[in-house]
Amino acid sequence: MACFLKCVRFDVTPTITDKPTSKEGYSAVTGVTRYSWDDVEALTSNFSRLIGSGGYSSIYMARLSSSAKAALKVHVSSHRLYKIFKLELDILLRLQHPNIVKLLGYFDDSEENGALLLEYLPQGNLQEKLHSDSKQVLPWRNRVAIAFQLVQAIEHIHEKCIPQIVHGDIKSSNVLLDKHFNSKLCDFGSAKVGFSSMVQPSSGSRHVTMVGSPGYTDPHYLRTGVASKKMDMYGFGVVVLELVSGKEAFSAAGNGEMLVHVAAPLMHEILDSSVDIAEEYVRGFLDPRLLRDCVDIDEVKTMLSVAALCISSPPSLRPSASQVSETLIQKIPSLSFLGCGKRV
Ligand SMILES: Nc1ncnc2c1ncn2[C@@H]1O[C@H](COP(=O)(O)OP(=O)(O)OP(=O)(O)O)[C@@H](O)[C@H]1O
């Protein structure tokens, strides 16, 4: 999998330009506005429309002064969760990348209440898009583009930021989609910042305080409590398996089956095989809703090879984000449409 093509990069977009609407202040340095609670109530029309929720937050539709839509993520009020809000705020204030959700503003009472105003992503999260009963099937070329854009975001936080960042919770519900199905990584509440490649558990014990999301958690992390970039690559590998198979990473409705276990025989075959893997085997794993779509089976094999390496154990065998993005560029011709922003 060591394919080292010169990688296509997205241009980093400028910072937010929406006008300040608050006496609390707009920072020309960050391009981000600090809002008062009155502003927050006005932006969300008193929290009238809930558009999402997570373990630590509720997300509401908001309208900026320009009438553009935005999403307000209100963290649950508590001293402990305030730290998660501050972590996410501090990280988003520093990140600018087309495949990472943009911070437009925030509210912070400096005690235990915080909210983030984010760009609004109208197609919601990838998990819903892949696994809802909707008749609209995400085409293959959008799936490979989403994988590529996700790994570009990961490459940015792992390799381009100072200090570097481990996201810590790469999963399909943390991948948001814009109207053209471009992907944006969100939710930095589990992130680790400021290390070269690894973060030891802060207590020094082997006790794992951050368990992660079922179906996505790196078994090596569960065993050792050591957070590293490779755990993000594990989560990325699981998302790639979801994109290829259309199956959920963790089937709560079923018997708690995990996609990595379902895929394990195929993954071993791919890693062990010195010859090309049989097409029927690969097609058997492919999302059946895609069969009528135009799918290049070699591209499916490339995606599965990437997934196999990303979820392989030990972590030292997993590729870096830049290696994966180079491989995808080299071996996935469908990515050539990227940059055109075409609709599904
Ligand atoms: N900017 C946005 N635009 C549109 N929808 C969003 C936006 N941000 C979040 N959402 C929706 O809200 C959901 C939860 O968001 P997020 O993952 O940031 O919350 P969380 O509390 O950190 O969740 P978790 O339980 O994963 O930690 C997302 O999966 C998505 O459906």
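Let's start with contacts, meaning heavy atoms within 4.5 Å: of those in the protein with a separation of 6 or more, 65% are between residues 24 or more positions apart. What you see above is a predicted model, where local features need pLDDT of at least 70 and side-chain atom pairs count only at pLDDT 80 or more, while totals for chains, interfaces and linings use all residues. Residues are numbered from 1 along each chain as its sequence is written, and side-chain values use heavy atoms, with hydrogens and water left out.

The protein has 10 helices and 15 strands; these are DSSP runs numbered from the N terminus, helices being H or I with at least four residues and strands E with at least two. Of the 344 residues, 53% are buried. Buried is under 20% relative accessible area, exposed is over 50%, and partly exposed is in between, using a 1.4 Å probe and protein chains only.

Now, the inside. A nonpolar core here is a set of buried Ala, Val, Leu, Ile, Met, Phe, Trp, Tyr and Cys residues joined through side-chain atoms within 4.5 Å. The largest one has 77 residues, and Phe-236, Leu-241, Met-267 and Leu-304 have the most contacts inside it. Helix α4, residues 140-160, gives this core its largest share, 11 residues. Another core lies apart from it, with 13 residues, including Ala-62 and Leu-64.

Let's stay with α4 for a moment. Of its 21 residues, 18 are buried. From first C-alpha to last, α4 reaches 29 Å, close to the 30 Å expected at 1.5 Å a residue, where the expected span is 1.5 Å times one less than the number of residues. Who touches Phe-236? Setting aside residues up to four places away in sequence, its partners include Ala-147, Leu-150, Val-151 and Ile-154.

Next, a helix pair. Helix α7 (residues 259-272) and helix α9 (residues 297-310) pack at about 95 degrees, with axes 9 Å apart. Axes are lines fitted to C-alpha atoms over the stretch in contact, and angles run from 0 to 180 degrees between N-to-C directions. The two helices are therefore roughly perpendicular, a term for 65 to 115 degrees. Among the residues that meet are Met-267 in α7 and Leu-304 in α9.

Leaving aside neighbours within four places in sequence, Glu-242 is in contact with His-131, Tyr-216 and Lys-247, among others.

Notes:
Parallel < 35°, antiparallel > 145°, perpendicular 65-115°, else oblique.
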